[in-house]
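Good morning, everyone, and thank you for letting me talk you through one model today. Please have a look at the sequence and the fold while I bring them up.

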Amino acid sequence: MTYGDEVGGGPRPALVPYTLPERPRAAVLVLHGGRAEGLEPPPRWNLPGARMRPFVRAIGRATAGHGVALAGVRYRHRGWNGDREDAARDALRALDALRQRAGEVPVVLVGHSMGGRAALRVAGHPLVGAVVGLAPWCPADEPVGHLVGRRLVLLHGDRDRVTDPAGSLTLAARARAAGALACHLVVPGGDHAMLRGAGTWHALTARLVAGLLRLGPLPPEVAGALAAPEAEEP
């Protein structure tokens with residue numbers, strides 16, 4: 001996939017701004033879930049999109065006053081659709097639109113389910129420094145070579161029956177081997193919709209985003225996992 005392809009393509013903009021300071025210092029891009037297959041556009045009332053609204057509010061509170069732009073991605077299709085990778089292409093269009101609006105600012109991607117897969121797939125974009133994956137869809141053959149130097153935190157509930165929690169664990173390990181700084185966290189009792197213990201999901205995600213933007217401390221286990229290895233003495 002080429003970064004910057006299809007810029008301006010599609011009938012509607014891919015970037016959906018929620019908060020856009022005049023001179024942003026950083027940005028957070030939120031990607032909701034979808035389906036494996038589906039060429040129809042998301043409906044006006046879209047449950048996966050609605051599920052991310054509390055996350056947007058929590059992230060907004062955690063980053064308020066720090067010049068952080070907050071935006072979402074508008075998909076042209078409900079599904080990933082195999083080799084079309086539609087959600088990832090829309091994520092790239094949104095990132096390039098964000099670059100035009102906000103400039104060269106560090107970006108944290110927050111993606112749920114299919115949106116988590118899209119976030120991981122486009123994390124090689126020059127603006128992206130970190131990804132928070134919420135119950136991400138992580139197929140066994142998902143590429144990881146482009147994740148070198150990126151910081152990844154993957155959260156998965158142990159009661160998820162839609163996307164495989166083991167897939168997140170495996171991808172985190174593969175990403176570390178490829179040169180990423182990756183961490184995997186289990187949300188006890190968490191389901192795919194993130195409705196069980198919803199407050200925990202929201203608060204932890206907001207804390208992770210703030211920490212990844214260096215606006216506050218990361219949870220100790222995450223900070224340790226994401227610490228860059230010290231260079232060996234010559």
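This is a predicted model: local features need pLDDT of at least 70, side-chain atom pairs count only at pLDDT 80 or more; totals for chains, interfaces and linings use all residues.

Let me begin with G111, whose bridge partner in β5 is G133, and G133 in turn has L154 as its bridge partner in β6. Residues are numbered from 1 along each chain as its sequence is written, and side-chain values use heavy atoms, with hydrogens and water left out.

Helices (H or I, at least four residues) and strands (E, at least two) are DSSP runs, numbered from the N terminus, and two strands pair if DSSP finds at least two bridges between them. On that basis β4, residues 107-112, pairs with β5 in the parallel sense over six bridges, and β5 also runs parallel to β6, joined to it by five bridges. β4, helix α4 (residues 114-121) and β5 form a right-handed β-α-β unit, where right-handed says that, with the strands pointing away from the viewer, the path from the first strand over the helix to the second runs clockwise.

Is β5 enclosed or open? Six of its seven residues are buried, so β5 is largely enclosed by the rest of the structure; buried means under 20% relative accessible area, exposed over 50%, and partly exposed in between, with a 1.4 Å probe and protein chains only. In the loop between β5 (128-134) and β6 (151-157) we find A135, which is buried at 0% relative accessibility and has a positive phi near 45° although A135 is a residue other than glycine.

Now to the charged side chains, where a salt bridge is a side-chain nitrogen of Lys or Arg within 4 Å of a carboxyl oxygen of Asp or Glu. The structure holds ten of these salt bridges, and one of them is between R121 and E142, with the closest N and O atoms 2.8 Å apart. This pair links distant parts of the chain, since R121 sits in helix α4 and E142 in the loop between β5 and β6, 21 residues apart. R121 counts as buried at 12% relative accessibility, and E142 is buried too, at 2%. Salt bridges that share partners join E85, R117, R121 and E142 into one network.

E85 itself lies in the loop between β3 (68-73) and α3 (86-102), and has a positive phi of about 50° although E85 is not a glycine.
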